[in-house]
Amino acid sequence: MFGRMNRRYDTVVVGGGPAGMGAALGALDAGAGKVLVLERDGEAGGILNQCIHAGFGLQYFREELTGPEYAERFLAQVIDRDIDVMPSSYVTGLAVDSEGTKQVRVLNERAGLASIEAASVVLAMGCRERTRGSIRIPGTRPAGVLTAGLAQKLVNQKGYLPGKRVAILGSGDIGLIMARRLTLEGAEVVGVFELMPYSNGLNRNVVQCLDDYDIPMHLSTTVVEIHGRDRLEAITVAPVDAHLQPQLDKARKVPCDTLLLSIGLIPDNELARQIGIQLDPVTGGPVVSSTLETSLPGVFACGNVLHVHDVVDYVTAESLRAGGFAGEWSREIRRPKDSIQLVPGNNVRYCVPHTLSPDREHTVFMRVKQRVEPARLRVGGLMEKTLRFVIPAEMISLKIQPEMLDRFHGDRLTIDIDPA
Ligand SMILES: Cc1cc2nc3c(=O)[nH]c(=O)nc-3n(C[C@H](O)[C@H](O)[C@H](O)COP(=O)(O)OP(=O)(O)OC[C@H]3O[C@@H](n4cnc5c(N)ncnc54)[C@H](O)[C@@H]3O)c2cc1C
């Protein structure tokens with residue numbers, strides 16, 4: 001297959017999840033002639049392939065789909081429109097020659113190492129889960145401690161039940177979804193333990209995955225020790241004080257054979273780091289302009305590799321745009337340079353993109369640091385909007401119109417989200 005492979009593309013997309021497929025379609029729509037998607041797994045679809053629960057596509061398709069159904073709709077379009085998809089192909093590097101042409105280095109299970117030329121590249125590698133090592137839980141190292149996403153893959157794709165009495169640390173969406181999934185598979189979920197005083201998952205998941213199944217969530221609580229020699233036997237949990245320090249005098253032991261970790265996701269940016277693309281320390285993803293272009297000209301980013309998204313519909317909208325700009329780039333269309341820096345102000349953890357241009361409409365995604373109910377969102381002196389509530393787990397999407405930016409004469413536009 002590699003022998004007959006085209007080695008020169010207009011746009012190459014790294015990663016075949018929803019972001020990668022959306023970017024490929026966007027590039028084609030913008031006039032790129034030959035588009036290639038490189039995917040390290042045996043098939044395209046990304047994280048959606050293991051998410052067999054419903055809840056995808058409510059905004060984009062106005063329908064409730066499962067993850068594989070959502071992926072299938074895009075894959076069908078990708079195949080229909082003759083976009084090349086190369087599975088089992090791991091991108092190991094990217095280089096740019098003196099003419100600005102990108103050389104994408106890829107390792108394929110059958111063909112070995114190959115180099116593919118592209119005028120533009122879209123990074124869509126998704127994210128990975130934080131592990132026990134990233135929060136250093138003390139104790140022994142028995143079997144039975146694993147990330148919630150791995151448990152999801154084992155249950156939904158491999159048909160293995162990782163344990164019978166399960167505790168979950170962290171209230172991210174994957175942990176909440178797995179609490180319900182494992183209960184339905186006959187395991188007992190003894191509780192979800194969350195360090196913060198609020199859940200880190202979507203409200204709808206707290207209700208549908210915990211409350212509906214009488215699974216308790218213990219807020220302001222963490223795991224302080226892991227017990228067991230070969231297999232996990234128990235965990236010790238303790239409430240935390242206002243500085244998030246465990247109160248060990250109030251600690252208690254919880255017997256369990258499995259501990260799932262749902263403690264956050266990290267954009268998978270080794271490739272971007274390796275080639276010196278500028279990263280945002282808050283999002284963990286590349287710093288991008290309003291065309292979703294990274295600091296390396298002609299290299300774009302979208303989806304979870306850019307910033308962790310809560311719903312896939314936003315991933316699709318963002319990746320269609322990123323792909324569109326990458327497609328334009330391959331046709332040598334260059335947009336004017338952005339002139340406005342977007343600055344996260346009061347209670348705003350980050351904004352993406354990082355800069356704006358006054359010549360067109362923009363969609364800005366942001367997350368808050370703290371829950372506020374109700375909230376007032378202010379964009380410089382240009383607009384104000386009241387929101388019913390804002391929470392760190394839910395991304396906020398905001399449209400900024402060119403007429404608004406026409407009235408702005410500075411170069412730094414601050415977004416604040418305060419109590420209303
Ligand atoms: C457990 C879970 C439950 C979710 N539930 C919902 C829900 O109910 N509703 C909803 O709307 N959203 C949900 N989401 C969110 C949504 O699924 C994600 O935001 C979305 O899948 C992210 O898309 P992506 O393409 O950026 O990343 P991914 O889906 O992770 O795709 C990235 C792809 O890139 C590939 N890749 C990585 N590195 C390389 C490389 N070097 N070379 C080649 N390929 C590479 C990976 O193999 C992967 O296929 C959920 C997410 C998770 C994790």
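These legends describe close-up views of a predicted model.

**View 1. Three domains make up the assignment of the protein chain.** Domain 1 covers 8-128 + 266-335. Domain 2 spans 131-263, and domain 3 spans 342-419. The C-alpha centres of domain 2 and domain 3 lie 34 Å apart. Contact between these two domains involves five residues of domain 2 and five residues of domain 3. On the domain 2 side, the touching residues are two nonpolar and three polar, with no charged ones.

**View 2. The largest nonpolar core holds 80 residues.** Five of its members touch the most others: Val 14, Ala 24, Val 37, Val 122 and Leu 123. Domain 1 and domain 3 each supply at least three residues to this core. A second, separate core has 34 residues, among them Ala 151, Leu 176, Val 192 and Ile 226. In soluble globular proteins, nonpolar side chains tend to be buried together.

**View 3. Val 122 has contacts from several parts of the sequence, with neighbours within four places left aside.**

**View 4. Strand 1 and strand 2 run parallel.** Strand 1 covers residues 8-14, and four bridges join it to strand 2. Strand 2 covers residues 35-38. Val 14 has Leu 38 of strand 2 as its bridge partner. Val 35 and Val 37 point one way from strand 2, while Leu 36 and Leu 38 point the other way. All four of these residues are buried.

**View 5. Arg 8 lies in strand 1.** Is Arg 8 buried or exposed? Arg 8 is exposed, because 12 other C-beta atoms lie within 10 Å and a count of 12 or fewer defines an exposed residue. Arg 8 and Lys 102 are 94 residues apart in sequence. In space, their C-alpha atoms are 9.9 Å apart.

**View 6. Strand 14 and strand 15 form a hairpin.** Strand 14 covers residues 221-227, and strand 15 covers residues 234-239. The two pair in the antiparallel sense over six bridges. Thr 221 stands opposite Pro 239 of strand 15. Six residues lie between the strands. In this hairpin, Gly 228 takes a positive phi near 130°.

**View 7. Three strands form an open sheet in the order 21-23-26.** Their pairing is antiparallel. Strand 21 (348-352) and strand 26 (396-400) stand at the edges. Each has a single partner strand, so one side of each lacks a neighbour in the sheet. From one strand to the next, the twist averages 25°. Strand 23 covers residues 362-368, and five bridges join it to strand 26. Val 364 stands opposite Leu 398 in strand 26.

**View 8. Pro 344 is found in strand 20.** This strand covers residues 340-344. Pro 344 is buried, because 20 other C-beta atoms lie within 10 Å and a count of 20 or more defines a buried residue. Beyond residues up to four places away in sequence, Pro 344 touches Arg 349, Tyr 350, Cys 351, Met 366 and Ile 415. Pro 344 and Leu 413 are 69 residues apart in sequence. Their C-alpha atoms are 8.7 Å apart in space.

Terms used:
Residues are numbered from 1 along each chain as its sequence is written. This is a predicted model: local features need pLDDT of at least 70, side-chain atom pairs count only at pLDDT 80 or more; totals for chains, interfaces and linings use all residues. A nonpolar core is a set of buried Ala, Val, Leu, Ile, Met, Phe, Trp, Tyr and Cys residues joined through C-beta atoms within 7 Å. Domain bounds come from an automatic or database domain assignment. Two residues are in contact if their C-beta atoms, placed from the backbone, lie within 7 Å. Two strands pair if DSSP finds at least two bridges between them. Axes are lines fitted to C-alpha atoms, for helices over the stretch in contact, and angles run from 0 to 180 degrees between N-to-C directions. Ala, Val, Leu, Ile, Met, Phe, Trp, Tyr, Cys and Pro count as nonpolar, Asp, Glu, Lys and Arg as charged, and the others, Gly among them, as polar.
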